[in-house]
Amino acid sequence: QEQIRRKKMEAAALREEVDREVASAKASLLRAEESENRNAEKAQAARTENMLANKVTAESRAKEREREQEEKFLIQKQIQNDQRIYQKRLAEHKNRCGVGDLI
């Protein structure tokens, strides 16, 4: 009887030890999964932040290009206007002076 009781106690102790090891393994697995999830969330946040920064940069560059193109357009218009004024003054001068005066 004593031997049976001792075997049962040993089996119970072994089951408790196995249960503790299983619980420890589950806890370790859960911690690893939580850590992996945190790392994935951090990586996703970093990617999102990078995408937003790239978008802001691209929009800023597009606005700068648009401003430069508008400035070039206005300069070209000013040049054309100045050329018209010059041609008009030249024609008026020719009309005043006559062809003989130019020779």
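Glu64, Arg67 and Glu71 are linked in a network of salt bridges (a salt bridge is a side-chain nitrogen of Lys or Arg within 4 Å of a carboxyl oxygen of Asp or Glu). This is a predicted model, in which local features need pLDDT of at least 70 and side-chain atom pairs count only at pLDDT 80 or more, while totals for chains, interfaces and linings use all residues. Residues are numbered from 1 along each chain as its sequence is written, and side-chain values use heavy atoms, with hydrogens and water left out.

Student: How many helices and strands does the protein have?
Tutor: Helices (H or I, at least four residues) and strands (E, at least two) are DSSP runs, numbered from the N terminus. Helix α1 covers residues 2-102. The secondary structure comes to one helix and zero strands.

Student: Why is the protein said to be more spread out than a compact globule?
Tutor: The C-alpha trace spans about 145 × 15 × 5 Å along its principal axes. The radius of gyration is taken over C-alpha atoms, and the globule rule is 2.2 Å times the number of residues to the power 0.38. For 103 residues that rule gives 13 Å, and the protein is more spread out because its radius of gyration is well over this, at 44 Å.

Student: What percentage of the 103 residues count as buried?
Tutor: Buried means under 20% relative accessible area, exposed over 50%, and partly exposed in between (1.4 Å probe, protein chains only). Glu41, in helix α1, is exposed at 58%. Of the 103 residues, the share that counts as buried is 0%.

Student: Which residue forms a salt bridge with Arg5?
Tutor: A search of the whole structure finds three salt bridges. In the one made by Arg5, the closest N and O atoms are 2.9 Å apart. Both partners lie in helix α1, three residues apart, about one turn of the helix. Arg5 is partly exposed at 45%, and the partner is Glu2.

Student: What is the closest N and O distance between Glu64 and Arg67?
Tutor: Glu64 and Arg67 both lie in helix α1, three residues apart, about one turn of the helix. Glu64 counts as partly exposed at 35% relative accessibility, and Arg67 counts as partly exposed at 41%. Their salt bridge has its closest N and O atoms at 2.5 Å.

Student: Which residue meets Glu71 in a salt bridge?
Tutor: Glu71 is partly exposed, with a relative accessible area of 40%. The N to O distance is 2.8 Å, and the partner is Arg67.

Student: Which residues make the nonpolar surface patch of about 240 Å²?
Tutor: Patches are made of residues with over 30% relative accessible area and no salt bridge; like charges are joined within 9 Å, and nonpolar side chains (Val, Leu, Ile, Met, Phe, Trp, Tyr) within 5 Å. Accessible areas come from the Shrake-Rupley method with a 1.4 Å probe; for residues, only the protein chains shown count as cover. Val18, for instance, is partly exposed at 40%. The patch is made by Leu14, Val18 and Val22.

Student: How far apart are the C-alpha atoms of Glu41 and Ala27?
Tutor: Glu41 has its place in helix α1. Along the chain, Glu41 and Ala27 are 14 residues apart. Their C-alpha atoms are separated by 21 Å.
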